[in-house]
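This briefing is meant to be read alongside the sequence and the coordinates.

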Amino acid sequence: MRPLKLVMSAFGPYAGQTVIDFSKLGEQGLYLITGDTGAGKTVIFDAVSYALYGQTSGGVRDANMLRSQYADADTPTFVELEFSFRGKCYRVRRNPEYRRPSKRGGGMTKEKAGAELYYPDGRVPVTRMSDVDKSIVELLGLNHKQFTQITMIAQGQFRKFLDTNTDERSKIFRDLFHTYFFQQLQDKLKQDAAAKRNEFIEQQRRSEQALDGISCIYSAYTEKLQSFAARHYEGCVEEVLALVDTIIALDEKEQQQVAAAAAIVTKNLTALQDSLSAIDKKQQLEKYMQTTEVRIAGMQKQLEQEAAAAVQRQEALQKLEAEVNEAQKGEVELAQLQTERQQLAARQRELLQLQDMQQRYQSQEVALLQKRQEYKQACDNFNHLNELSDACFDRFLGAQAGLLAHDKLKPGKPCPVCGSCEHPQPVQLAQDAPTENDVEQARAKAEAAQKIRDGLIGEGKALKEHLELDKTLLLGKGVELLGCDDLKLIAERAQAELKDVNNKITSLRLKMGFLQEKVEQYRKLAKTLEQQKAADKQAEAAAQNLRQQLAGAEGQLQELKKQLAEQNELLTDVDEQKLQQEHEKLLVQQRELELQDKRLYAAIKNNQRIKQEVSGYEARRAACEAEYSLINSLSATLNGTLTGKKRVNLETYVQMHYFDKILQRANVRLLHMSRGQYELCRDKMQDADSKTGNSKTGLDLEVKDYYSGNLRSVKTLSGGESFMASLALALGLADEVQSSAGGIQLDTMFVDEGFGSLDDSSLQQAIATLQGLSEGHRLVGIISHVHDLQEMIDKKILVRKKRGLQGTGSEVALVVD
């Protein structure tokens, strides 16, 4: 990754929009960022880090603190970085959350934090902040922490990567060198070992739980089982299972003895059961015979009652039939009256229709008379308006001479009518003369009145024709119905006959109402008669059925008496009470033997089940124990937890390989910067000594001092020495990442302060080392106040505070010699 252009707006001390064109610094070499203290030199590194990851370089400044205090309220706060990676140019833009003036109304509003990433191939930009963060990490192959530790040696942070322990350094190497697979393998083996141990313990628990359920009634064996249970069956499962076999054999032998005794009791019970069955049969016959006698007596009494009821039903049916015949006569009379009423109703409708025709004819006569009056009024109105129109036109023509005299006749000029040049008596212009518009309006009114008159002529003619037609129809209907062709006589005769018809219909309605009640009574009686006949028929059928049942019951009673005599003859010398006592005694013995057999059967099945289950548990436990021993040993080896061995896990072991290569690359530069005095070494003594405890080892550092010939902790280095060691380690790490991690390309590095702690000779060596990086086309930016560096480095970014009339905030100038 190489920065090309950085734009800062209202960011940190930069009030307005500040642009830094890194492309002018070239593709390699050193450049110096220098200037006033507190002017914002480190903010440039912060802006690069914030644009990429949304976090500052040293982690001191929070994103909410990045809004410039010198900026105008309307100036937006954002950082935009154009950078190249693997020959392609990308652009990322971010803004923190800050308050700005509201675009609608007054007051302030909150501008939400945002981010955008633009690709060189023109694809849709990434606009969600979380997606931009993820895309940057995927593109560069470094997260923020790794980026700042490898490419940015921030102010006050020189010793962090140098002094970090194995755990922290392992986390960095895991992402850089993709060693997470080894960690996953270690964790998987640890989980598998724990799972297999849990399975082994579970099988052991199940076996113990099953053995606790052994059924045993033998006191000597019970004491042994209790002693085994007190030891949780540890190491004696086979002995317990052998004891279970012995208990099962004893229970099976006793079960056979119980079965033999039960067979004898069953045989005796069968012999007694035959005698008791005969006694039961006798008792049942006696009881059934008594029930049959009672049932026969009841049926005989019921038949007597049914005979008396049948006589009463016949008398009621005869009386009801007479009433039905009488009521049936009203139904015939009602039908005759209904026919007569229908004829009268038809005559009534014809007379009413004739009256409607007469009323319509009279209404049309009145309408024709009114239409004639309207026509007379329309004629009078037309004549009047026509006369007014003619008069208006005459006045208009008369006024034309006055207009001619007023407008055209001038002394000495010829008259347009007669041609005379003398005009002794010109006509005077009338004051109330109508205009041409008045003449047109009067004519329009007369024409409208004429149209109304002509329309009434047509309407009157149509009414007269309809009236003549209705008169012809009315006279024809009068001749047809009344034999009369006079309109007045038709009206009188129709009214008189209609009145007579209405009176007859009213009289018939009263008669029909009375007869309707009589007919309804007949229908009810007829329905009741049918129901009574059906009930009588059902009663007779029930009586016949009862007589058949009585005959069958009497025959059954005779058969029962015969069977009872036979049973009494069989039981002449039998003592029923003694047989019953013996039977009860045998039943008690049978129940006791059945309970004993069930208990023995349950105990045998339970012990057989336990033996089978425990054998399975023990087989699985043995298999789990063997698998656990193998997996646990492998897990302990890979996780570095073997007793008495180095506490180095597989992932750390792989990372140690990379760490040694990093140190080889770092020491090339450190030996040069320290003039052959210092070399970084992996702390192998700690590996050998850390055989117990939980601390992880393998990636710890120490320094070898060739002047004294001793190894010592890197924490004993002075400020200048630790800066050189940190710088060498960072450069070695960057070289190894590019060489081994695949896909990560670091074309830039930033160093913030630290040179002030070096003497002149060490400073020369450090600068020479950094300049040597340019051979790999790497651009290194240095922030420093050291005056000697300003003379050594030609490319500079000058940062100055604005003072006085220049305004507030800071400004940047690029110096390239």
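In this predicted model, five strands form an open sheet with antiparallel pairing, in the order β2-β1-β4-β5-β8. The edges of that sheet are β2 (14-21) and β8 (114-118), and because each has a single partner strand, one side of each is left without a neighbour in the sheet. From one strand to the next, the twist averages 10°. The protein as a whole has 16 helices and 16 strands, and 38% of its 817 residues count as buried. Among contacts in the protein with a separation of 6 or more, 72% join residues 24 or more positions apart.

- Helix α2 (residues 129-140) lies across β4, β5 and β8, and it runs at about 40° to β8.

**The three-stranded sheet**

- A further open sheet is formed by three strands in the order β10-β11-β12, again with antiparallel pairing, and its edge strands, β10 (678-682) and β12 (710-713), each pair on one side only.
- The twist in this sheet averages 35° from one strand to the next.
- Five bridges, in the antiparallel sense, join β10 to strand β11 (residues 701-705), and the bridge partner of Arg682 in β11 is Leu701.
- Helix α12 (residues 650-673) packs on this sheet by touching β10 and β11, with its direction at about 175° to that of β10.

**A buried strand and its parallel partner**

- Strand β13 (residues 748-752) is largely enclosed by the rest of the structure, because five of its five residues are buried.
- Thr748, Phe750 and Asp752 point one way from β13, whereas Met749 and Val751 point the other way, and all are buried.
- The partner of β13 is strand β14 (residues 779-783), with which it pairs in the parallel sense over five bridges; in this pairing, Phe750 stands opposite Gly781 of β14.

**Helix α7 and the residue that follows**

- The twelve residues of helix α7 (residues 219-230) should span 16 Å at 1.5 Å a residue, and the end C-alpha atoms are 17 Å apart, which agrees.
- Just after α7, His232 takes a positive phi of about 55°.

**Nonpolar cores**

- In soluble globular proteins, nonpolar side chains tend to be buried together.
- The largest nonpolar core here has 89 residues, and those with the most contacts inside it are Leu6, Ile44, Leu52, Phe83, Leu680 and Ile782.
- Helix α14 (residues 719-741) provides the largest share of this core, namely ten residues.
- When residues up to four places away in sequence are not counted, the residues that Leu6 touches include Val19, Ile20, Phe22, Ile44, Ala47, Val48, Val79 and Leu81, as well as Thr18 and Glu80.
- A second, separate core has 19 residues, among them Ala210, Leu225, Val240 and Ile610.

**Aromatic pairs**

- With ring centres required to lie within 6.5 Å, the count comes to eight aromatic pairs.
- The rings of Tyr90 and Tyr119 have their centres 6.0 Å apart and their planes at 75°, so this pair is edge-to-face, given that planes over 60 degrees apart count as such.
- Because Tyr90 lies in strand β5 and Tyr119 in the loop between β8 and α2, the pair ties together parts that are 29 residues apart in sequence.
- Both partners fall below the cut-off for burial, which is under 20% relative accessible area: Tyr90 counts as buried at 9% relative accessibility, and Tyr119 is buried with a relative accessible area of 18%.
- Ring pairs also link Phe83, Tyr90 and Tyr119 into a cluster, and Phe83 is one of the residues with the most contacts inside the largest nonpolar core.

Terms used
Residues are numbered from 1 along each chain as its sequence is written. This is a predicted model: local features need pLDDT of at least 70, side-chain atom pairs count only at pLDDT 80 or more; totals for chains, interfaces and linings use all residues. Side-chain values use heavy atoms; hydrogens and water are left out. Two strands pair if DSSP finds at least two bridges between them. Helices (H or I, at least four residues) and strands (E, at least two) are DSSP runs, numbered from the N terminus. Axes are lines fitted to C-alpha atoms, for helices over the stretch in contact, and angles run from 0 to 180 degrees between N-to-C directions. Contact means heavy atoms within 4.5 Å. The expected span of a helix is 1.5 Å times one less than its number of residues. Buried means under 20% relative accessible area, exposed over 50%, partly exposed in between (1.4 Å probe, protein chains only). A nonpolar core is a set of buried Ala, Val, Leu, Ile, Met, Phe, Trp, Tyr and Cys residues joined through side-chain atoms within 4.5 Å. Rings of Phe, Tyr and Trp (its six-membered ring) pair if their centres lie within 6.5 Å; planes under 30 degrees apart count as stacked, over 60 as edge-to-face and the rest as tilted.
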